[in-house]
Amino acid sequence: MAAMDLFGRRWALRILWELRAGPLGARVLLARCEGLSSSVLYQRLRELTSSGIIAPSADGHELTRLGTALGQALRPLDEWAITWAQAQAQAQAQDDQNPVEA
């Protein structure tokens, strides 16, 4: 349950998503996560570091071996989210083509 508490915190998964391709510094993370405040970013970085999911690096922060494994575990969720988004878009397009008359 502790993992769900950590990943359920606002911005935690987004930060991990942004780190998936390699290390990033705080400024880049802030730019990529529009609406994320620097105080929340630094709090999440501390939490993710203390949990062993990310680690400081010369280029900012990067995923650890555990963090990389987590990313692999989340791939099915990402695939599901893509399928879900496509279904939502298709349903919206059908609704737009067949408006309900009042």
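Helices here are DSSP runs of H or I with at least four residues, strands are runs of E with at least two, and both are numbered from the N terminus. With that in hand, hello everyone, and let's start with Glu47, which sits in helix 4.

Before going on, a word on the model. It is a predicted one, where local features need pLDDT of at least 70 and side-chain atom pairs count only at pLDDT 80 or more, while totals for chains, interfaces and linings use all residues. Residues are numbered from 1 along each chain as its sequence is written, and side-chain values use heavy atoms, leaving out hydrogens and water.

So, is Glu47 buried or exposed? Glu47 counts as buried because its relative accessible area is 17%, and buried means under 20%, exposed over 50%, partly exposed in between, with a 1.4 Å probe and protein chains only. Setting aside neighbours within four places in sequence, Glu47 is in contact with Leu6 and Arg9, contact being heavy atoms within 4.5 Å.

Now step back to the whole chain. You'll find 5 helices and 2 strands, and from the N terminus they run α-α-α-α-β-β-α. The C-alpha trace spans about 60 × 25 × 25 Å along its principal axes. The radius of gyration is 18 Å, whereas a compact globule of 102 residues would have one near 13 Å; that radius is taken over C-alpha atoms, and the globule rule is 2.2 Å times the number of residues to the power 0.38. Buried residues make up 27% of the 102.

Next, the inside. Which residues have the most contacts within the largest nonpolar core? They are Ile15, Leu16, Ile53 and Ile54, in a core of 18 residues. Such a core is a set of buried Ala, Val, Leu, Ile, Met, Phe, Trp, Tyr and Cys residues joined through side-chain atoms within 4.5 Å. Two or more residues come from each of helix 1 (2-7), helix 2 (12-18), helix 3 (26-32) and helix 4 (38-50). Helix 4 gives the largest share, 3 residues.

Let's look at Ile53 itself. Beyond residues up to four places away in sequence, Ile53 touches several partners, including Leu6, Phe7, Leu16, Leu48 and Leu70.

Ala69 belongs to helix 5, residues 65-97. Its relative accessibility is 40%, so Ala69 counts as partly exposed.
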